[in-house]
Amino acid sequence: MRTLNLCILRGGPGRPAAYQTYRITVDEHLNILDAVQKVWATQDPTLLFRHACHHASCGLCGVRVNGRERLMCLTPIAEFPDGATVTLEPLRNFPWVGDLVVDVKPLMERMAAIQAPYVRRDELTAGGEEGTRFEDCIECGLCMSACPVVGSDSAYLGPSPLAMIKRLLEEPRGRDIRSLCLLAGDAHGAWRCHSVMECVEVCPSHVDPSQAIGWLRRYLILRGRRQPAEAQRR
Amino acid sequence: MTLHVVIIGAGSTGAAVAHDLTLRGYRVTVVERGEVACETTGRNHGLLHSGARYVLNDPPAARECAEDNALMRKLMPDILELNGGLFVALNEEDLSYKEAFLEACAQAGVPAEEIPIKEALRLEPNLNPRILAAVKVQDGVFDPFHFTLAFLATAKHHGAAVHTYTEVVDLVWNGRSVSGVKVRDRRDGREYAIGADLVVNAAGPWAGRIGAMAHVHIAVLPVAGTMVAVGRRWVRRVINRLCPPCDGGIIVPQRRNSVVGTTSWPVENPDYIAIPPEQVEAMLAAGEEFIPGFRSAPLRGISAAARPLLHESSQLVTADPGARGVTRGFSCFNHARDGAPGLFSIIGGKTTTSRLMAEVMGDVINEATGITNPCRTREVPLLPYHAFYV
């Protein structure tokens, strides 16, 4: 067993923001998400957090752990020494709903506009016959929170939506390439990225949005779809 | 006059009931104390059952799975991994079930085809080369959160309201009838009442708490199951063990991962389940039996949630599900017979058949209200889950 001090940013719209610390003892083979759920179940039923699958598929439990965007289900208790204080804060760049919960609507609207696919060709499983698998992006929003450009330009499409456009240009699945290029080539699209690489650092699901954005820029240039500088300065 | 139904719980059951009832012309409000699918549904295995798992011990449930598996492939193809599944025999005892298993699949209408071991190993090279038999079935894979969201997105499109972080603290009464719910908005602590003509309790392992608010004794035994995910897609298909239901009997691949499960043990409080380390070890060992080297992949999550098992001590009068042989796996109740008219419960079941469960619940509700609009969920495709947010 390990005892941690979870220092959680509480509050929300119309409620004052303040850190509240919970002392909690949990098995060390578990994850921070289990510790938070135990706090909610045994100490404070008013605590708000998002979760569902506990194995990095639903994309719901993203927060900032000691300042860094992570999924709570992939943050092992064993990483922290006994008695450590772990600070948990909600994701940035999303409307704050309360405590550790944010409103992911801005990301979901972008994904809906792209008609983001969920199922792709399975290129990585060994064996005969073709197959499908789910796309890597779990739409957890960690990259949107970590990206300083998302923080300064609310119209920026953002790392994961751009990475999803790249996936569609690779494997169109019937989508309209032209409208995807317009979205990616927009002043708030691929050209807006400053290559800070925060998205690469925080992505829990092998997406590598920065690489995808570089790929998109190259794709747009080689196909003559780079928009004039004038349009980019909009 | 449009009747208003409040559904308590936004797991796959509540979501599917919302979808069913909006299509029948009811006005629907869903209240959920947490996030969509945040408990029992969210932490299920994500297996779209072929039905084969149940052919030996519950043939009607197997048939239901096979029928709804085929339907869901048409209704939400864009969010399913449809690579099929294999049942494999790992030892002589497993092998001894094979003939009965194949026979029972045929009886229950569950498509199953034995394939040569060599062919199975060609399809799945990472599988244990010492398997003694392999049977192809039509399993599929979903992510439970997105599965649930697709139902809710479609229900919203047809007028349903969905309130998350909204906890039911009491029922509202009109005379001796349940006429709504009193809720607390967990975001600001505000309490208010939502009036309704009918209230559906789809609270899963917490259904007993809602029942108690109406002095209806619903004894739900929360039974937890542990699953362990590793970060490598070892197989393309779902791999089931050809044996009666057992611990660690299945590997579900999804995305880049493989999820092995499950166990089964009763828990006292479903709000927090401490997963014993020995269960994690047991699951990894089970994975190793299917796929030598399974545990060499990095750990990618440990999860458990409570499944609601209806205890026979519940003093309930089961609504007759009719002549369609709809069953054991779940129960629908009209609590008018338990002294709480206006309140209904739907308990148990499987995510694979949540559409069917909702159809039965809708029929029970129609019977009570006299509304005759038939179920339409077999025909109406589900919207993309993103539509929930837009």
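In the predicted model, helix H6 of chain B covers residues 144-157. Its 14 residues reach 20 Å from the first C-alpha to the last, close to the 20 Å expected at 1.5 Å a residue. Of these 14 residues, 12 are buried, so H6(B) is largely enclosed by the rest of the structure. Burial here means a relative accessible area under 20%.

The surroundings of H6(B) come from several elements of chain B. After H6(B) comes Gly159(B), with a positive phi near 105°.

Chain A was described as a whole. This chain contains nine helices and nine strands, and its C-alpha atoms fill a box of roughly 60 × 50 × 25 Å along the principal axes. Of the 234 residues in chain A, 58% are buried. Among contacts in chain A with a separation of 6 or more, 59% are between residues 24 or more positions apart.

The accessible surface of chain A is about 9200 Å², and carbon and sulfur atoms account for 50% of this area. Chain A carries 28 positive and 27 negative side chains. The centres of these two sets of charges are 6 Å apart.

Note on methods: Residues numbered from 1 in each chain as written. Chains lettered and ligands numbered in written order. Predicted model: local features only at pLDDT ≥ 70, side-chain atom pairs only at ≥ 80, totals over all residues. Heavy atoms only, no water. Helix = DSSP H or I, 4+ residues; strand = E, 2+ residues; numbered from the N terminus. Buried < 20%, exposed > 50% of the residue type's maximum accessible area, 1.4 Å probe, protein only. Contact = heavy atoms within 4.5 Å. Areas by Shrake-Rupley, 256 points an atom, 1.4 Å probe, with all protein chains shown as cover. Lys, Arg positive; Asp, Glu negative; His and termini not counted. Charge placed at Lys NZ, Arg CZ, Asp CG, Glu CD. Expected span 1.5 Å × (residues − 1).
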